[in-house]
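Student: I would like to learn how to read the features of a structure like this one, step by step. Could we begin with how charged side chains pair?

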Amino acid sequence: MTHIPHDLSHVQSRDKAEILAQALPYIRQFHGKTMVIKYGGNAMTDPALQQAFAEDVVMLKLVGINPVVVHGGGPQIEGLLKRLGKQGQFIQGMRVTDAETMEVVEWVLAGEVQQDIVGMINRAGGKAVGLTGRDGGLIKAQKLKLIDQQDPTLEHDIGQVGDIVSIDPSVVKSLEEAGFIPVVSPIGFGEQGESYNINADVVAARLATVLRAEKLLLLTNIRGVLDKAGELLTNLSAVEVDALIADGTISGGMIPKIAGALEAAHSGCNSVHIIDGRVPHAMLLEILSDEAYGTMIRSH
């Protein structure tokens, strides 16, 4: 990844000082706190957004906040499967993961994608370390039971897709304390050492809960949660989100994203932010300014 310089010549010195001064209360408030970041969408594929993300993560670490990155890699997995001549199969939106597909998933997530993220954070001045669920017994998993949406007596076999049994965050905490930035691939491991592909949003939400994170940040390709008129809802309580799901304002593909966010908000994570990852530095602006670049879901 080539470094793309930032031209700040148009910003007056007084404005730069004002921006830094406005960030100070937030830096003070969140110093020493953990923030779990689900990295995905355009921010993961566009070179300028990749660099902005890496710089934001390093900036958070340098001001005393502990970022933990969880990443997906669906498009990259699909791309490699196609190159290998293997057609991806989905049931109810879940990728059917046979043994051969699982090998590809591990190679892409724990290899190519993870090391790209580690490398770009390190080039931005951070110290990132890649982890999978196997490292330090981080993510214990079991085979996911997928119940048919129309007939609850039917169960689909989707192979090595996992459901989280438990998360032991010891290795993540140790890395945080030593000044490193953990980058977690959403791969869990079963009793017999078998691998499981787990939804990255679910891993991020559960990790945020177990770490009692100050914030869970979900980088997406949408502006956030919209009301029925299409206006951005910037600040919601978990109870208000439940009501928006019940009345159909939140529906379709947004529900799985919100489900993990709600679980984290209900279970000890102070707030969850669904952020528009298409905006450069949206994550930093959401955390360290009064500006809203997505939807914040409060735990209370």
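Tutor: A salt bridge is counted here when a side-chain nitrogen of Lys or Arg lies within 4 Å of a carboxyl oxygen of Asp or Glu. Please keep in mind throughout that this is a predicted model. In general, side chains of opposite charge can pair when their charged atoms come close. A case to begin with is that of Arg 278 and Asp 276, whose side chains meet in a salt bridge with 2.8 Å from N to O.

Student: Are the two partners, Arg 278 and Asp 276, buried or exposed?

Tutor: Arg 278 is partly exposed, with a relative accessible area of 38%, whereas Asp 276 counts as buried at 8% relative accessibility.

Student: How many salt bridges does the structure hold, and which parts of the chain does the one between Lys 38 and Asp 201 link?

Tutor: The structure holds seven salt bridges. In the one you name, the closest N and O atoms of Lys 38 and Asp 201 are 3.2 Å apart. The pair links distant parts of the chain, with Lys 38 in strand S1 and Asp 201 in helix H6 (residues 200-210), 163 residues apart. Both Lys 38 and Asp 201 are buried.

Student: What does the salt bridge between Glu 100 and Lys 86 tie together?

Tutor: The closest N and O atoms of Glu 100 and Lys 86 are 3.3 Å apart. Glu 100 lies in helix H4 (residues 99-123) and Lys 86 in the loop between helix H3 (74-83) and strand S3 (90-91), so the pair ties together parts that are 14 residues apart in sequence.

Student: Which residues of helix H5 are buried, and what covers them?

Tutor: In helix H5 (residues 170-177), the buried residues are Val 172, Leu 175 and Glu 176. Seen down the axis of H5, they fall within an arc of 100 degrees, so they too line one face of their helix. Their cover includes S1, H2, strand S2 (66-71), strand S5 (128-131) and strand S10 (181-184). H5 is followed by Gly 179, whose phi is positive, near 90 degrees.

Student: How should I read the aromatic rings, and how many aromatic pairs are there?

Tutor: One looks at the distance between ring centres and at the angle between the planes. The count comes to one aromatic pair. Tyr 39 and Phe 53 form this pair, which is stacked, with 3.8 Å centre to centre and 5 degrees between the planes. The pair links distant parts of the chain, with Tyr 39 in strand S1 (residues 34-39) and Phe 53 in helix H2 (residues 47-62), 14 residues apart. Tyr 39 is buried, with a relative accessible area of 1%, and Phe 53 is buried as well, at 4%. A charge can also sit over a ring, as where Lys 127 lies over the face of Phe 180, at 4.7 Å from the ring centre.

Student: Finally, which residues have the most contacts inside the largest nonpolar core?

Tutor: In soluble globular proteins, nonpolar side chains tend to be buried together. Here the largest nonpolar core has 43 residues, and those with the most contacts inside it are Tyr 39, Phe 53, Ile 121 and Met 283. The largest share of this core, 10 residues, comes from H4. Apart from this core lies another, of 41 residues, among them Val 172, Ala 205, Ile 250 and Val 272.

Definitions and conventions
Residues numbered from 1 in each chain as written. Predicted model: local features only at pLDDT ≥ 70, side-chain atom pairs only at ≥ 80, totals over all residues. Heavy atoms only, no water. Phe/Tyr/Trp six-rings, centres within 6.5 Å; stacked < 30°, edge-to-face > 60°. Helix = DSSP H or I, 4+ residues; strand = E, 2+ residues; numbered from the N terminus. Buried < 20%, exposed > 50% of the residue type's maximum accessible area, 1.4 Å probe, protein only. Lys NZ or Arg CZ within 6 Å of the ring centre and 35° of its normal. Arc of directions from axis to C-beta. Contact = heavy atoms within 4.5 Å. Core = buried A, V, L, I, M, F, W, Y, C linked by side-chain atoms within 4.5 Å.
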